[in-house]
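Hello,

Here is the structure I promised to pass on to you. Please open it first, and then read my notes below alongside it.

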Amino acid sequence: QYSPDSVAGADGEIDPTEITFPGCSCRSSSCVVAECPCLCRGENYSGPCLRLAEQEQEQEQEQFSRPVFECNSLCRCGDSCQNRLVQRGLQLRLQVFRTERKGWGVRTLEPVPRGTFVCEYAGEVLGFAEARRRAQAQTAQDSNYILALREHLHDGRVLETFVDPTRVGNVGRFLNHSCEPNLFMVPVRVDSMVPKLALFAATDIPAGEELSYDYSGRFHNLPGTSREHQPLEEENRLRKPCYCGSPTCASFLPWDSSLFSTP
């Protein structure tokens with residue numbers, strides 16, 4: 001079932017459509033940093049793009065990137081506000097196509113400038129127990145679409161979000177992994193603490209090029225923030241080969257043991 005946005009999972013544990021953030025009282029057509037509480041919370045956009053250069057500099061200095069909060073449905077600013085980007089959804093012309101070795105893939109039919117929002121990875125938002133149950137029910141032949149996002153906070157806490165587009169999802173479910181990707185993922189919050197998993201262009205992408213991101217989250221993140229590890233011998237049957245073809249290819253798709261381990 002196609003859905004442009006994430007929905008509550010079958011376990012009913014998390015509702016991504018719930019509105020819990022207060023809205024800003026800005027009355028201008030587009031909010032400005034000094035006055036808007038949404039913009040003051042974290043990183044913001046530069047026109048239609050994410051401010052990649054500033055974010056990279058800040059990561060080097062502080063080791064943590066700032067979060068991204070968009071204006072929400074309770075804000076008084078208009079729909080044309082520059083702080084509304086991911087919530088507008090897919091704006092580019094993308095094409096799902098059959099690749100030679102990787103099954104389905106997605107390519108862009110138009111040039112995509114660096115920093116441009118491409119699409120969201122949308123699906124059912126699950127709690128950890130249901131995400132693990134589904135992962136363990138898969139066979140070696142099944143495609144695993146469950147994405148585990150972990151946000152490492154400065155105080156040591158880790159926020160986890162599990163999205164599964166196997167049954168309900170959007171075009172993002174067809175994006176392939178690459179060890180040298182042209183997209184990277186940023187959690188963007190609009191109405192609540194449940195983030196939208198937004199994919200942005202990491203470089204200028206020409207028309208016709210396949211779109212990909214690093215499933216492990218290594219790209220644009222600090223080393224050691226992933227739970228990927230070298231699996232035990234008996235776990236190798238669950239690993240899938242990587243066919244990205246990059247010179248730095250790791251040979252296997254990223255591996256996260258947490259959803260497969262016994263509690």
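**Charges over rings**

Arg 107 sits over the face of Phe 97, 4.1 Å from the ring centre. A charge is taken to sit over a ring if NZ of Lys or CZ of Arg is within 6 Å of the ring centre and within 35 degrees of the ring normal. Arg 173 likewise lies over the face of Phe 174, at 5.1 Å from the ring centre.

Before you go further, please keep in mind that this is a predicted model, where local features need pLDDT of at least 70 and side-chain atom pairs count only at pLDDT 80 or more, while totals for chains, interfaces and linings use all residues. Residues are numbered from 1 along each chain as its sequence is written, and side-chain values use heavy atoms, with hydrogens and water left out.

**Salt bridges**

Side chains of opposite charge can pair when their charged atoms come close. A salt bridge here is a side-chain nitrogen of Lys or Arg within 4 Å of a carboxyl oxygen of Asp or Glu, and by this rule the count comes to 11 salt bridges.

One of them joins Lys 196 and Asp 5, with 3.4 Å between the closest N and O atoms. Lys 196 belongs to strand β13 (residues 196–201) and Asp 5 to the segment before β1 (7–8), so this pair ties together parts that are 191 residues apart in sequence. Helices (H or I, at least four residues) and strands (E, at least two) are DSSP runs, numbered from the N terminus. Lys 196 is buried, at 16% relative accessible area, whereas Asp 5 is partly exposed, at 35%. Buried means under 20% relative accessible area, exposed over 50%, and partly exposed in between (1.4 Å probe, protein chains only).

Another salt bridge pairs Arg 134 with Glu 130, the closest N and O atoms being 2.8 Å apart. Both residues lie in helix α3 (residues 128–137), four residues apart, which is about one turn of the helix. Arg 134 is buried, with a relative accessible area of 6%, and Glu 130 counts as buried too, at 14%.

Glu 160 and Arg 150 also meet in a salt bridge, at 2.8 Å from N to O. This pair links distant parts of the chain, with Glu 160 in strand β10 (residues 158–164) and Arg 150 in strand β9 (residues 147–152), 10 residues apart. Glu 160 is partly exposed, at 34% relative accessible area, while Arg 150 is buried, at 14%. Shared partners also join Glu 124, Glu 130, Arg 133, Arg 134 and Asp 164 into one network of salt bridges.

**Aromatic pairs**

Rings of Phe, Tyr and Trp (its six-membered ring) pair if their centres lie within 6.5 Å; planes under 30 degrees apart count as stacked, over 60 as edge-to-face and the rest as tilted. The count by this rule is six aromatic pairs. For Tyr 121 and Tyr 213, the ring centres are 6.3 Å apart and the planes are at 65 degrees, so the pair is edge-to-face. Tyr 121 lies in the loop between β7 (117–120) and β8 (124–126) and Tyr 213 in strand β14, so the pair ties together parts that are 92 residues apart in sequence. Both Tyr 121 and Tyr 213 are buried.

Phe 184 and Phe 200 form a tilted pair, 6.3 Å centre to centre with 35 degrees between the planes. These two residues are both buried, and Phe 117, Phe 184 and Phe 200 form one aromatic cluster.

Best wishes
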